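Please consult the sequence and the model alongside the text.

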Amino acid sequence: MKKQILALLSIVLLTSSCENWFNVTSDSETREKDQYSTDAGFQQSLTGCYIGMTDESLYGKNLSWYATELLANQFKPITQNSTTETDYELENYKFSTIEAVGVTEAIWAKAYNVIINANEELIYLNKDSANINPINYHIIKGELLAIRAYMHFDLLRLYGYGNWANRTSTLDSKYTIPYVTGVSKNVAPQLTGKETIDKILSDLDESAKQLKDYDPITGKHDASYYSEVNDDGYYKNRTIHLNYYAVKALQARVYLWRGSADDKAKALTAAEEVIAAVGNDISNSSMNTYLHFLDALSVDKTNTSLACENIFGLNVATLSNYITSYIKPNYADVDYSAMFLSPDDATSLYENSTSDIRFSKLLNQSTSNSSLGYVPLKVYQNNLSKYYAAKISMIRLPEVYYIAAECYATDTNPNLDMAMKMLNTVRQQRGLYSDLSGLTADQIEEEIKKEYRKEFISEGVIFYYYKRTGAISIPNYSGQMSDTQYVLPYPEFELQSGRQQ
Amino acid sequence: MKKKRGKMCILLRVSLIIMFLSLPAISFAGSRKVTLDLHSVTVKDFFDALHKQTGLSFIYNVEQIKLLNAVTIKVSNKTVDDVLKKVFKGTNLLYTFSDNMVIISQYKAGNRIISGIIYDNYGKVLPGAVVRVFDANGKELRNICVTTDNGHYSVEVPSNINCVLSVSFVGMKVKQSNIKVDNENIIRNISMSSDNVLNDVVVTGIYTRKAESFTGASTTISSDELTRVSNQNIIQSLKILDPTIYIPDNMTMGSDPNTTPTISMRGTSSFPVEGTTTLKGNYQNQPNQPLFILDGFETTLQTVMDMDMNRVESITILKDASAKALYGSKAANGVIVIETKKLTGNKQRITYNGNISFEVPDLTSYNMCNATEKLQAEVAEGVYTDSDVDTQASLTKLYNNRRKLVLEGLDTYWLSKPLHSGVGYKHDLNIELGDSNGLRAILDLTYDKVSGAMKESDRTNISGDVNVSYRQKNLLFKNILSIVSNNSQDSPYGSFSDYVKMNPYWQATDENGKVLRWAEDNIANPMYDSQIGTSLKSNYLQFINNFYTEWQFYQDFKATFRFGVSQKRNGVDDFYPRDHSMFASYTSDEDLLRRGKYIAEDGKSSSISSDLNINFNKEIGLHTIFANVGTFISEDKSSAYQYTAEGFTNNQNTDITFARQYAEGTTPIGFSSINRQASFLTALSYDYANRYLMDATLRESASSLYGKDNRWANSWSLGLGWNMHNEKFMRNLKFVKQLKFRASVGLTGNQNFDTNAAIGTYKYYTGVVYGGFTGAYLNNMPNSGLKWEQKKDYDIGVDLRISGLSLSADYYRADTKNMLTDVTIPTSTGFSTVKDNLGLVRNSGYELKANYNILHGKYGFVNVYGALTYTKNKIISLSESMKAYNEKMEKSAESTSNSIPVLMYKDGQSMNTIWAVPSAGIDPQTGMEIYIKKDGSYTYTYDASDLVAAGNSLPKYRGTAGISAEYKGIGFNTTLSFLTGCQMYNYTLVDRVEDVDITYNVDKRVLYGRWQKPGDVTKYKKFQSKEVTRATTRFVQNRHELDLSSISFYYEMPASIYKKMYMQRLKLAFYMNDVATFSSIRIERGTSYPFARNFSFSLTSTF
């Protein structure tokens, strides 16, 4: 009898000690392990990273058409009142106010959240590599590394110091934003500027390596090669993912940020690879992937977002909600937050050119108010056709040409013709048919600066341009620009945890 | 209502359970008379002759009676017993009577035979009881006998020594009977009593222990005590009876019948769960809530609240480690074990219990202005003065209009508008089906409608229970099935505070009593919402089935197996018609279509649990050993979702299908959780000569809530006790009945957290697609090192009983470590918080409990009782992890819109500290408040860095005191409860005296005591102050409170009355609860729902 009881007891013991029995999760959540038990799970998490980037605190709002644009003082200065408190403080670099702290801390937190999501997936990707279709494995890995590099690079550009090329030795050895490669509640150590940029670059190198032979955008393989992994169309529309060329363009951006002669050479190589590919027309309609210049005559109100020029752009589903009170082509005087260029600024920026479609088609003069300002239409959604709607540009073609031009012009052995050729290519597309010629290197740099300002309204690019070049005075802001204005403060709790800025 | 009451009167002629059934006399077969005249007949003929005359059957072994010679006898009118004695004299035969049988047996030389019948204390024979024989030294003699179907036993014992018979039976206390040295065969009938007789035992829910040898701190409350103080619900009675259980008054929800209280025992140690969910159902666990065990299975507070009190047999509160460690990782907050009634007799019996109760609103804490006073206050506040001439003219007109109405007698008492005296009913029918061949059943049906003090707020429970048990030899099967259907409704009148703030010169109804849409121009009348079909309903249906088996499989071994399932489905339907005032701001064409709202919610939860326990109980001489090993396994699941629809074309369309769309900007929300657990238990206790006691428990538990690294956790306890009264030197002190010292230490866990924080989980972005694809994201920072929250308890106690006085005292200290906290982490980790184990919080205190039986006579008794607890809570180390949180709180304290103190957690302080800036009072010159800075200087500027621990909201001392008496069936009981040694922030003074919105009604104190001109020395700042009063020591007030919590009377009718009505019992009772509260603080109690006094009548009768 006793034996029977003991036997019964031990059966209960054995069955209940089974570890798997405890591994349960409620229906509304999925365990990591289950999430990554299928290829689709990896794809969904990758998509999740991009969706994370479309958050209002990142590229859905702050880091594209809103905060970074206000920091660059692109528009007519905003009048301070209770509804425009945040706008005003950003425009005037009052980073310690509650409202501005809200913005800067949210950017930091969400950016690292995206990084953690990428890291977590990379951990599982490496763990389960054998069970994943190799195409998925390489492309997803490449994209995740690129996302991680992209986010860190923008954190570095926001919370780190600019004008690197002119103070290399200081910034190379100064601690900068933490580069996080794992998932842990313990903070990642801070590295020096050089180490951090090297990490960004090595992630990008690895990313390019993974993507090079697999990314459909390179056209190496025809569509049938992807039939197995692409039957739901996951690998269509490559420019809303960090594709191979986007990684190359990003490399160019990063190298130029540091800006040593050696870096510039590498930036040029990367930029040239993109330019060459575009020259060969890499658009692929069967994969719904387009990457080409929109020529001046084709620009109309249905494509003002210029999305086909995005080497990488985000699909921000709720973009039209985000912009409501800021981008109003027919804003009224009471729309205090409306973003617009004053008529004088607009005409002087575009040098009185009416043929420049960036003035004639990408701006809209509002007449329903007293200031008669020009409203940028790049993120305005109402008239866009399907392909062009709900898209935010992250790296757009002209930037690659500008980078190339800058590299040619400022090289120790400058190639000014090539530099001008790069600029002229873009100008032709914009309706400026009179080519630049016979300029000096300095004049070319001046032209590049103008081009940045003309081209990238509402794209969050210009602030970084000013910061990179260490511009001391910028239009629309009366004060002098210095690190105080250029460097966003770390969240207070990071500083309390011993971070150095 | 009249009709209802009439019906009730008919039903009320019924009555309840007889407490003490007298033993039915067993007609002794041996006393039957016979007349015989036999000459040399065979033994068989002799028996036949007896059979003819007496009807007795004779059972014998043919071989044995061969030894008997032919029988010759002549008797007249002698008993059978005498006849047999005479006939069997000189033989080694023995006879015993059993019902209608006479059993003849033979004994060996030197032995004798003890025989008899084993029955329970209701006179029912017990087949299958085990009778064993021991010598005086406790050595077992090899004589075991199991009773026959007739409950008969017969054992041989040696004639030359003293022996002990030991009878055991499943569910009964082991009974011992001494047999002295003698040669005579004897008949000894033995009665056994059920092993769950209160006071003698401690019911732990897993097994039952003799109280005398138990080293834990526990309180047992019988059903009698429970129903003596209140008949509302179990929790209400517990609150009155034992101050260890702390249920703070819900200052917001007052006496709302649909709000579940927060309960804690021996202090709080976990942080409040941040209420992020808008789900209405009760899904989230309260981290400080004790564990509830109903008939051996874990249950919820709501189930206990909705349970019929009459079903309760006993409640045991397990307080210290030694008592609660059995429940291991869930027991940190204490355990409340509820046992339901078992069958009390073997006859069919019907008991009816009827109640009618009244909830009468208690508005004594409100002190609002009447119409005249309000106008006066408005004038003083400068409402009717303006520098602009035109405005002044219209203000004067407004004032005159209002003044005219007031002079005409308009003085609306808004407080009473949404209130009434709620009349509730309860009917409970209990049917005992008696016993047939070991099968017993009890049916219980209850209808209980509680009607709250706010109109149309009520709660109705209809429940049915079937308790079936079957006993076969050494096996016992029991099954309890319980089904509860609950329907509850919140008052459509809305929040009580909306009425409190209404100005008395506004009108609620017109001359004809019709409710007005507007109380004055543009002032919505809150009553109107209740007239248009607003409906706030929720319901649930619960099914619980618990199955038990007990098997006395080998001598001292008993196995129990339990299996329980429960299922619950609940729903919420809230409908706000299109004319509801919440849509008053929906004015655009588009918004007009959005008026009307419906919130629907669906939830379900289920649990399955099972356990197997084997216990061993043996006395060897002076040593008593009890051991238990067990294994437990369970799964709990719950899920709920909610969706909101809007746009109803008219007020009458009350179904969600009439909605135009989902509410703008909403998606269905929901949650789900699952928790699997397993554990192993070993418990051992040892007692030497009933003097030295030891209890030890070890429980190893695992839960799916925790990470792989820390899945298993152990909890343990060790208790020691000394029954000094059993020592030789104490035996002479006859008046000391008990003097027991106890001490225990142990570690238990807390699991009241819904968390998957140990592992990373993914969620999907809802409502967002990226390029046509859905995305998933990591939901939390995984922390695989997450451990169980643990509590280490120390307890020393003494129990003393001297004649009429019984007293027990305990001192305890409980350290909660590894507290599960949302620890702030730098966001560069990707998340802003992580669930982690940090900190140490200490609760300590003492508990005293006394009962003195002043009188105890044939006709009645007088008893006084009282209890006192002292509780202290201190954070030992925590503030590092809460640094960011505390700073956030400081900021929020300084915010100009925050008028209530914030919660902060700092080392050395209590978790219930009230943080406020020290105030030097109101400056008589300026009428502004002067604050005292840390360095002692004065300032007008409020600075959160000056915040000090200004008070503690946890009462240090709480207690109850009461008296109960009975004389000739008439009983009386009253209980007072009190608390002191704490502070409270008087928000009424802030909201209704200082930060008043003069547009609405204010506290009378506005009129007096506020600063008006330089030189005024006042408590309250000046009128027309624009600044919000932030947390200041000025409003931290000492709180002493005395509650007359219960008064009750009952009359147990004498037999002369109930016998006439064919009843077995008839009892009438009257209760008053929450009769009065006397407090040192004048503060509005029950802001959203008022407090109520409860009066009720009850009638119990048994047929």
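This is a predicted model: local features need pLDDT of at least 70, side-chain atom pairs count only at pLDDT 80 or more; totals for chains, interfaces and linings use all residues.

Strands (E, at least two residues) and helices (H or I, at least four) are DSSP runs numbered from the N terminus.

Strand β31 (residues 557-576) of chain B is largely enclosed by the rest of the structure, because 14 of its 20 residues are buried. Buried denotes under 20% relative accessible area, exposed over 50%, and partly exposed in between (1.4 Å probe, protein chains only).

## Helix α6 of chain B

Helix α6 (residues 234-241) of chain B is also largely enclosed by the rest of the structure, since 7 of its 8 residues are buried. The buried residues of α6(B) are B:I234, B:I235, B:Q236, B:S237, B:L238, B:I240 and B:L241. At the start of α6(B), the backbone nitrogen of B:I235 has a side-chain oxygen of B:N233 within 3.0 Å.

## Chain B as a whole

Chain B contains 17 helices and 54 strands. Of its 1103 residues, 55% count as buried. The C-alpha atoms of chain B fill a box of roughly 135 × 70 × 65 Å along the principal axes. Among contacts (heavy atoms within 4.5 Å) in chain B with a separation of 6 or more, 70% come from residues 24 or more positions apart.

## The interface of chains A and B

The contact involves 64 residues of chain A and 57 residues of chain B. The area buried between the two chains is about 5200 Å², with carbon and sulfur atoms giving 65% of it; buried area is the accessible area (1.4 Å probe) that two parts lose on being put together, summed over both. In chain A, the residues that lose the most area to chain B are A:W21, A:F22 and A:K185, together 14% of what that side buries.

A:K185 also meets B:D836 in a side-chain salt bridge (2.7 Å, N to O). The rule, which requires a side-chain nitrogen of Lys or Arg within 4 Å of a carboxyl oxygen of Asp or Glu, finds 1 salt bridge across this interface.

## Basis of the description

Residues are numbered from 1 along each chain as its sequence is written, while chains are lettered from A and ligands numbered from 1 in the order in which they are written. Local features need pLDDT of at least 70 and side-chain atom pairs count only at pLDDT 80 or more, whereas totals for chains, interfaces and linings use all residues; side-chain values use heavy atoms, with hydrogens and water left out.

How values were computed. A polar contact is a pair of N or O atoms within 3.5 Å; within protein, one must be able to donate a hydrogen and the other to accept it, and residues adjacent in sequence count only if both atoms are side-chain atoms.
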